[in-house]
Amino acid sequence: MGSLNGRAALEFEDEGLESSGSIATKKHSFAVGSLSNGGSDNRSGNLYMSSSHGVIGSIKIVVLSTKLNILMIFGPIAIIVDKTSGSHGLVFLFSLLGIIPLAERLGFATEQLAFFTGPTVGGLLNATFGNATELIISIYALQNGMTRVVQQSLLGSILSNMLLVLGCAFFCGGFVITKRDQVFNKAVTTMSSGLLLMAVMGLLFPAVLHATHTELHFGKSELALSRFSSCIMLVAYAAYIFFQLKSQDNLYEPINEGETPTEESSDDEEVPAISKWESIIWLSVFTAWISILSEFLVDAIEGASVSLKIPIAFISVILLPIIGNAAEHAGAVMFAMKDKLDISLGVAIGSSTQIAMFGIPFCVIIGWIMGCPMDLNFQLFETATLFITVLVVAFMLQEGTSNYFKGLMLMLCYVIVAASFFVHTDPASLRKLSLPFPAKWRFHL
C-alpha cells in the first residue's frame with residue numbers, strides 16, 4: 001500500500017483474538033507525517049501495551065487473524081505444481097493467489113514496525129515496503145531480461161490505483177453517503193497530481209525521442225536520458241517525502257465533517273499488536289516468501305500467456321496489479337464507505353505517486369547496476385494512456401469532492417483501458433524487446 005499523505009491513517013480491526021479466555025477487539029492506526037509534539041507523547045505511553053506474545057501468540061495475531069490468509073496455501077501449491085506438472089497457467093494463477101495475503105501482511109508488519117521508529121522513519125519504511133511486492137516482481141523480471149513486463153506491470157499499478165481503486169472508492173462511498181458529497185483535502189491531491197505529471201514528462205521525452213528518430217547517438221541517448229531523468233525523479237520524490245513529513249504539517253490535516261478533535265483522538269488509539277523484533281522478523285519472512293513466489297510467477301508469465309490465450313500486455317498491465325494489490329484495494333473502498341476519503345486517496349493516489357516517482361526510476365537504476373538496459377521509453381501507446389489517465393483523474397479531484405457518479409466514470413475509464421490492452425500488441429515481440437544480459441549480473445534476493 002502506498003504512503004499515506006499527511007495525516008491520513010490506516011485503521012483496521014482484528015476481531016476474534018483470544019486473550020486470557022476472552023475476546024478482544026484491537027484497533028490500530030498508522031499516521032505519516034502527522035505526529036506533532038503531543039502525538040509522540042501519547043504514543044510513548046502506549047508503545048509497549050502489547051505484551052510479549054511468544055511464537056504461538058505472534059502467529060495467531062499475524063497469520064490467523066484474518067480469513068484472507070487462507071490463500072497462503074496456494075504458494076506451496078504453486079511450487080508443487082511447477083515441480084510436478086509444469087503447467088505454466090496453473091503456476092501463474094496459484095502464485096498470484098499466494099501473493100495476495102503476503103502483500104497485505106507485509107503492509108501490516110511495516111505499519112507495526114512504524115510504531116517504534118517515529119513518523120519520519122515510519123514514512124520512509126512505508127514508502128519502501130508499501131510497494132515491495134511490485135518491486136520484487138520487477139527485479140526478478142529484470143533478472144530474466146523481461147524489461148517490457150517490468151514497464152507494463154508498473155504502469156498497470158498506476159492505472160489500477162488511479163482509475164479502478166479510486167473509482168470503486170468514490171462509487172461505494174457515494175452510495176453509502178447519499179445526502180451530501182464526500183470531501184477531501186485538495187492541497188494534497190493537487191501536489192500528488194503535479195508529481196504524476198512530472199512522471200509523465202519523464203516517460204514522454206524518451207518515447208518521443210525514440211519515435212521521431214532524433215537521438216544524437218542512436219541507441220545510447222535514449223538510455224542515457226532515461227537514467228539521468230530517473231535520478232532527478234528520485235531526488236524529487238525524496239524532496240516530496242521530506243516536505244510531507246517535515247515542512248507543512250497543517251497542509252495535511254484530514255477533512256472530517258461532523259467530527260471533533262476530541263472524538264478523533266479518542267478513536268485513534270495507537271497501540272502496536274506485536275513487538276519491534278517480531279515486526280522485523282515477520283517483515284523478513286514475508287519479503288523472502290514473496291521473493292520466492294515472484295520467481296515462479298515471472299518464469300510462468302510467457303507460458304501462461306500461451307496456455308490461457310491472454311496477451312502478455314494484458315497480463316502485465318491488468319491482471320498483475322489487480323490481483324497483487326487486491327487487499328489494499330479492498331481497504332481503500334472500506335475507508336471510503338466510512339467517510340474517511342483522505343485515507344482512500346492516500347492508498348490510491350499516494351501509491352500511484354510512489355510507483356511513478358520511486359518505483360519506475362528505481363527499477364531503471366537497478367537495471368543499470370545489473371547491466372539490463374531498462375529505460376523510460378514505455379512506447380507511445382502506454383505513455384499516452386498514462387498521460388490521459390493523469391489528466392482525467394486531476395480533473396475529477398480539482399473540486400475536492402466526490403460522489404458515486406465520479407466513481408462510475410473512473411471505473412468505466414478503466415474498462416476502456418483494459419479493453420485497449422487486451423487488443424494491444426507491442427511493436428516487437430517480448431523476446432526482441434527484452435535483451436538478456438550476462439549471467440554474471442544475475443542475482444537472487
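**A tour of the predicted chain**

Select His 213: at 62% relative accessibility, this residue counts as exposed, since exposed means over 50% relative accessible area, buried under 20% and partly exposed in between (1.4 Å probe, protein chains only). His 213 is not a glycine, yet its phi is positive, about 55°. Most residues other than glycine have a negative phi. His 213 lies in the loop between helix H8 (186-211) and helix H9 (221-247). Helices (H or I, at least four residues) and strands (E, at least two) are DSSP runs, numbered from the N terminus.

The model is predicted: local features need pLDDT of at least 70, side-chain atom pairs count only at pLDDT 80 or more, and totals for chains, interfaces and linings use all residues. Residues are numbered from 1 along each chain as its sequence is written, and side-chain values use heavy atoms, with hydrogens and water left out.

**Next stop: Asp 339**

Go to the loop between helix H14 (326-337) and helix H15 (341-370), where Asp 339 sits. Its phi is also positive, near 65°. Is Asp 339 buried or exposed? At 18% relative accessibility, Asp 339 counts as buried.

**Helix H12**

Now select residues 301-308, helix H12. Ile 301, Gly 303, Ala 304 and Ser 305 are buried here. Step just past H12 to Lys 309, which takes a positive phi of about 55°.

**Helix H7**

Select residues 147-176, helix H7. Of its 30 residues, 25 are buried, so H7 is mostly covered. Stop at Ser 160: H7 bends there by about 35°. The bend is the angle between axes fitted to the seven residues ending at a residue and the seven starting there. What should the 30 residues of H7 span at 1.5 Å a residue? They should span 44 Å, and the end C-alpha atoms are 42 Å apart, which agrees. The expected span is 1.5 Å times one less than the number of residues.

**A nonpolar patch**

Stay on H7 and pick Phe 175. Helix H17 (residues 404-422) gives the largest share, five residues.

**Zoom out**

The chain has 18 helices and four strands. Buried residues make up 55% of its 445 residues.
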